[in-house]
Structure formats: structure tokens, C-alpha cells
Amino acid sequence: MRLGKIDEKIFSEIIYPNLGKRHKEVIVEPQSGVDTGAIDLGDGRVLVVKSDPVFIVPQFGFKKAAWFAVHILASDVMTSGIPPKYALIDLNLPPKIRDEEFKEMWLGIHEALNEINVMVVGGHTGVYEGTDYPMVGGFSMIGIGEKEKLGTPSKVRIGDSIIITKGPAIEATGLLVNLYPEYFRERLPQDIFKEAYDMYWKMSCWKDGLIASNVGIHLMHDATEGGVWNALVEIAMVTKKELRIYEDKLFINRAVKEVTSLVNIDPWSSISEGTMIIISDKGEKIVEALKREGIESAIVGEVKEGEGVTLVKKDGSKQRIEKPTEDPFWRVFFELSKKA
């Protein structure tokens, strides 16, 4: 098996057919392109749940790393349209962690959870040989909300708007510049460097999703591994619809453009936690609501009959967007780790 997330073939052949005893109240089962599971509580409400690794990178500082660990998961839960409220955390810590580092990390987790109204209700904490950063356990979040607010593939309709928040490669930029600040400080104008360095705090789409869900959504998906292109392809697959994207509607942050150009990676297929893809019949209202909160977004396309993702170029020609075979972020990450 290759490093990173398992491929769809392994998921569909081994995991999906073997989920234990299936229950009829589970209305959103595990599937590619959908970030959460959902259970119908039978009283007009649903329970949504999502799990992720606890992702801690000590180079960021334990408090700063803890913020990101919380928001990776909160962003996934928020794609459902239901905000997270409860958390369970399993910390399998490496023996080299010091008491003061653990305290800093835990207080960082507490503060980040407090900001988004989430409480830890259980878990496990231990120190074990053979564990190491950045994956130091497992993290689950649970949300309970109105069933009518739940985003599902079956709600997506022909003519729905496709909205993108923040643009591509938010995470690729934020991580690279924070991991290797001296490398980028020497090569970027000071104002661009600061903007790229501060991109770290945009690596969450929890707020994007909360704002959009309050207006009304049909489906949301965050652009993680494989970036915007991969997220769109996954949505097209799970909805069995065509997503038609217009090149002249796409936008990219100036710092992201500078950083990705400097390291020669395609921003549209680069990891982008913080970017939310929103499918809704209330596109203009969502864009206006996001703008009021200082979040850049745009309607970049529409849902059509058919399947797959089509990019309509500025000259009117059409290009089919395929699932990226790799995320270029990782190549640069390892190259810079050797240089820096």
C-alpha cells in the first residue's frame, strides 16, 4: 500500500462492503467525497460524526500545532452543514514529549475547541514506544442539528451554483512557509512573505461552512489532499453530476500564486485545507454572507447533467479535469526538508 490515504479501489473492495451490522437510521454511510457520517435521530435532528488523526507538528510550536489539529477535524464536520459540538480524543504520545510541551499542546486544544463551542467528552491519553509526530492518536467530533440543514449528495440539483472560498493551495502555502520560513523570507518580498506566513490561520473552513449552512447548502466538501481539482472530482463522482467550472471565474490569492510559482507546483491540485467547495441554490446570498465576514469567495461554476468536471477555458474550449495522480505539495515538502 502507498503512503497517505488509501485509494478508492481498496475502500470500495475491502472497507465499504464490511462495515459491521448495518443500521437503517444511518442515512450517510462512509463514501468517497463525503467527509462525515450521519445518523437520523428520528425527531427532526441528525447526529454527524467524523474522525481524523491528531496531527501535531512540533516545529510550529505545540499551541499553534494544536489549533490546526482541531480545525482540520472541525472543518470536516462542518462540511455536513451541522457544526461540531462534542469531541473524543485519543492521544498516543511519543516518549520524548516533555510535560511542559504536553501542557502547551493541551491548552492549545482547549482554546481552539472553546472558540468553536466544542467540548471534550471522553477519550484516552498515554505515552507509548513506537509513536512519533505528526500522527499522535485519533480525534473524533460529533454534531447534532436539524436534518433539513444536512448536506448530502442526493440534495444536489441541476443548476445549483458551485462556490469556492479563499482559492487554491491555502494549506500548501501556509505549511511550506511556516515550516521553512528562512527559505521563503530570502526569496519573497516582505509583504508577500508575511501574507503567506499568516496563511496558516486560514487553514480552516469551519467558519466558511457555518456561514454557508446558515444561508442554506446542498453539499459541501473541503479541498484537502489533491486540492480543489480533487475535491471537485470527488463531488462529481458522489453526486453523479457534471460540475462545469469557468476559468474566468477562478481566483487565487497573490501570496499563494507567488509561493506556488516559486516552488513550481500546480496550486489547483495542491493540498488546501481552508478552501470549502459549496454546492447551493443560494449562491449569491452565500457569497454576500461570506464577504460580510471577510472571507473571499466566488461562484465559479454550476451543476449540469452528465458526470465529471469540465473546465471551460477563457477561449471557450473545454478541458476535462481528472483526479490528480499526486499532490505536488509532498514533493516540494521533501525537497525543501533537504535544502533547509
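I began with the UniProt record, where an unreviewed entry lists residues 35–139 as "domain: PurM-like N-terminal". I note that the model I consulted is predicted. Over residues 35–139 I read 32% helix and 35% strand, with the end C-alpha atoms 14 Å apart.

I then turned to the sheet. I found six strands in an open sheet, in the order β1-β2-β3-β6-β4-β5, with mixed pairing. I asked which strands stand at the edges. They are β1 (26–28) and β5 (119–127); each has a single partner strand, so one side of each is left without a neighbour in the sheet. I recorded that neighbouring strands of this sheet are turned by 20° against each other on average, direction ignored.

I see β4 (residues 86–93) and β6 (residues 135–146) joined in the antiparallel sense over six bridges. As for Leu88, I traced its bridge partner in β6 to Ser140.

I also checked what the helices lie across. Helix α2 (residues 62–78) lies across β3 (45–55) and β6, and I noted its direction as about 145° to β3. Helix α3 (residues 99–115) lies across β4, β5 and β6, running at about 165° to β4.

Terms used. Residues numbered from 1 in each chain as written. Predicted model: local features only at pLDDT ≥ 70, side-chain atom pairs only at ≥ 80, totals over all residues. Heavy atoms only, no water. Pairing = 2+ DSSP bridges. Helix = DSSP H or I, 4+ residues; strand = E, 2+ residues; numbered from the N terminus. Axes fitted to C-alpha atoms, helices over the stretch in contact; angles between N-to-C directions. Contact = heavy atoms within 4.5 Å. UniProt positions renumbered as here; feature names shortened; annotations may be inferred.
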